[in-house]
Amino acid sequence: MERTELREMIMKHVSKIAKIPASEIKGGDNLRDDLGLDSLRSMELLARISDELDVDIEFEALQGVQTVDDIIAFAEKL
Amino acid sequence: MKLRFNTFNDVVLRYAESDADLKIIRMLDFKNEEEPIDYGQVLRRSSVFAGMLREKGLKPKDRVVIMLPTSSAFVYLFFGTLLAGGIPVPTYPPSTFGNNSVFLSNLRHIFQSSQARFFGSEPRILGSFRETFENFPFLEHVFNASEIDFNSGNPGEMKPAEVRSDDVSLLQYTSGSTGFPKGVVLTHGNLLNNVHAISEAIKINRATDFGVSWLPLFHDMGLIGCLLTALYTATPVALMPTESFMMRPDRWLHNISKYKATISPSPNFGYYLCTRLLNTTRLKGVDLSSWRVALTGAEAIDINVLERFETLLKPYGFSRRAFLPAYGLAESSLAVTIAPLEDNLKVARLNRGKLENDGTAEDYDEEDATLTKIVSVGKPVKGQQAEIHDSEGNRSPDNRVGEIWIKGLSVTSGYFNNPGVTKKSFRQDWFKTGDLGFKRNGDLYITGRIKELIIKRGRNYYPYDIEKALWNIAGIREGRCAAFASWNHAESSEDLVLVIETAKTSSEADLDDLAKSVNAVVLENIGLKPDRIVFIPPKSIPKTSSGKIQRLLCKKLLEEGKLEVFGERR
């Protein structure tokens, strides 16, 4: 998946789960503090992204993922 | 009740002789790769940890706090503590994305209350909080499970402690209504009686049954219902990490299919998550026809969710006959009632108004908004009693809603180091559950609860914790906010509703700002997003004459439109 495509796909899922229009979401937004996602919702977000990319996310590798940009960087390495 | 063993130490010691090579646990990691563990290994490796505890001066009945994800180390630390004569205190690890302030303050209370001198955990947790742990009261020895060589030494030299059926085998901490976790005291006898009763109720046969579970081992349903039941009945169980299921719910079903599992439980939340997240293109080749017991408990059961799950998975061989509703709580070890296998999904179709306003269960035949469907959770398991009582403490007749009181061989004697709360929780020898329900021809139906608890996706939250967090916000003071739960049908979960008193002159922008702070503070401290924030004028939260907030009355007034609301945010 292209970089911009990947970004768009992730933004789409973030927008859906946070119930905020994609245009209002910034890369630096913190999942919890800015987007109001609790840990279950954050996990659901990552589950949906890993499903769309058809890869397995190693749960332990998620330590330190806090912002939308972190997710994008994480997904790029998959 | 005729038990096969007197203590869980007996269970491990005797099976390690009679069935040493039986691969009783199949531990699955985050990659879903299996590590089989036989009874001989459970005994040997647990004895290694027992020896380490003894070496550090563990005395009989010393508490050992265990904080580990689902892993073989959990099993060895748990049974090692028992074999050494100590009391395991399993506690939940911090959540991955959550905030840790509430987690740490609860943990500090657990150490304070249990006076545990020993703590076993893993590097991720120990590394993040080392400084905090160093200041914990009573704590002297910390074990890093990943540094323990469980195959080392000569575990045969470790002489197992002499324990009796009425010795304490588990402290199960649950949050209290005042925000402090309380340790439910359970003896070997309590646990064994419950495990035995569960195995009879679901007719476990070690020759033909196999379990699969993703339930966390620091929670009673995973620990007692899955791990301990498997070990007691010598029926193998595959255990997978909870997060592995949450990220990939299809794995749960693949594992059931792979092991031809017959028994796999889940709270309502697990079935709901599947209906929401499951990608059925990943289910190729899955065959669920072996699954005969899909126990469902630990939170309110929504028949609509079960039916959606059935529709989704029927093409893969899942049968509705597998659903087995149950009711239980930590104070009863685990199970109080389980529905009968032969008549598993009994649904009462009732008049909602009659039920909510008059507390009577009256049949209702129409298909409209007045109809409410409640699933029977069955009859008390062997050795347990459950009766409905009115507020005066008198036994209620059939179809009359009241508080569920329980008594029996698996019921706790009380809370550890907490005689005050223990006294309040019992009436003679009956434990008052705080849950509401009615009986009909011997079957129990749960309708709600007196205790002001919020259950969100299988986890319990206490209003006081949430309100306390709100006091950090300028303009919100003690006694001026109330937190409670309200059932959300679309989400099949409870909504967290916050009612907050604020000046009526507040502008829309003020309310936006306040709602934003409220969201941030609750997420930060509780790890949960409020579903609904309601603003009402000062002095309109109902209180008792002694000034205590009446949360349930507040909820009722809100639901009936009797509160003056001038703003709301979602």
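Buried area is the accessible area, found with a 1.4 Å probe, that two parts lose on being put together, summed over both. In this predicted model, the area buried between chain A and chain B comes to about 2,600 Å², and carbon and sulfur atoms give 56% of that area. The contact draws on 25 residues from chain A and 25 residues from chain B. On the side of chain A, Arg32(A), Leu40(A) and Phe59(A) supply 25% of the area buried against chain B, more than any other three residues.

Charged groups also feature where the chains meet. Between chain A and chain B the count is four salt bridges, alongside five residue pairs in polar contact, with both partners at pLDDT 80 or more. By class, the side of chain A that touches chain B has 11 charged, nine nonpolar and five polar residues. A handy pair to look up in the structure is Arg282(B) and Asp51(A), whose side chains meet in a salt bridge with an N to O distance of 2.6 Å. Elsewhere, a network of salt bridges links Arg41(A), Glu44(A) and Arg48(A) with Arg276(B). As a general point, side chains of opposite charge can pair when their charged atoms come close.

Turning to the build of chain B, the domain assignment gives domain 1 (8-243), domain 2 (248-343 + 374-448) and domain 3 (454-569). The centres of domain 2 of chain B and domain 3 of chain B, taken over C-alpha atoms, are separated by 29 Å. Eight residues from domain 2 of chain B and eight residues from domain 3 of chain B take part in the contact. About 680 Å² is buried between domain 2 of chain B and domain 3 of chain B, with carbon and sulfur atoms giving 49% of this area.

Within domain 2 of chain B, the residues that lose the most area to domain 3 of chain B are Phe269(B), Tyr272(B) and Glu299(B), together 50% of what that side buries. Between domain 2 of chain B and domain 3 of chain B there are zero salt bridges, and the search likewise returns zero residue pairs in polar contact when both residues must be at pLDDT 80 or more. Helix H10 (residues 268-277) of chain B gives the most to the side of domain 2 of chain B that touches domain 3 of chain B, contributing four residues. By class, that side of domain 2 of chain B holds four nonpolar, three charged and one polar residue.

Helix H7 (residues 220-233) of chain B has 13 of its 14 residues buried, so it is largely enclosed by the rest of the structure. Just after H7(B), Ala234(B) takes a positive phi of about 60°. Helix H4 (residues 101-114) of chain B includes Ser114(B). Ser114(B) has a relative accessible area of 0%, and it counts as buried because the cut-off for that class is under 20%. The side chain of Ser114(B) reaches the backbone oxygen of Ile110(B) at 2.7 Å. Leaving aside neighbours within four places in sequence, Ser114(B) is in contact with Arg63(B), Val65(B), Leu171(B), Tyr173(B) and Phe416(B).

Over all chains, a search of the whole structure finds 40 salt bridges. One of these joins the side chains of Arg320(B) and Glu307(B), at 3.6 Å from N to O. Arg320(B) lies in the loop between helix H11 (303-313) and strand S12 (323-328) of chain B, whereas Glu307(B) belongs to helix H11 of chain B, 13 residues apart. Arg320(B) is partly exposed at 33% relative accessibility, and Glu307(B) is partly exposed at 26%.

Lys556(B) forms a salt bridge with Glu560(B), with the closest N and O atoms 3.4 Å apart, and Lys562(B) forms a salt bridge with Glu560(B), with the closest N and O atoms 3.1 Å apart. As for accessibility, Glu560(B) is partly exposed with a relative accessible area of 34%, and Lys556(B) is partly exposed with 41%. Lys562(B), at 57% relative accessibility, counts as exposed, because that class begins over 50%.

Note on methods
Residues numbered from 1 in each chain as written. Chains lettered and ligands numbered in written order. Predicted model: local features only at pLDDT ≥ 70, side-chain atom pairs only at ≥ 80, totals over all residues. Heavy atoms only, no water. Domains from an automatic or database assignment. Contact = heavy atoms within 4.5 Å. Polar contact = N/O pair within 3.5 Å; in protein donor to acceptor, adjacent residues only side chain to side chain. Helix = DSSP H or I, 4+ residues; strand = E, 2+ residues; numbered from the N terminus. Nonpolar A, V, L, I, M, F, W, Y, C, P; charged D, E, K, R; others polar. Buried < 20%, exposed > 50% of the residue type's maximum accessible area, 1.4 Å probe, protein only.
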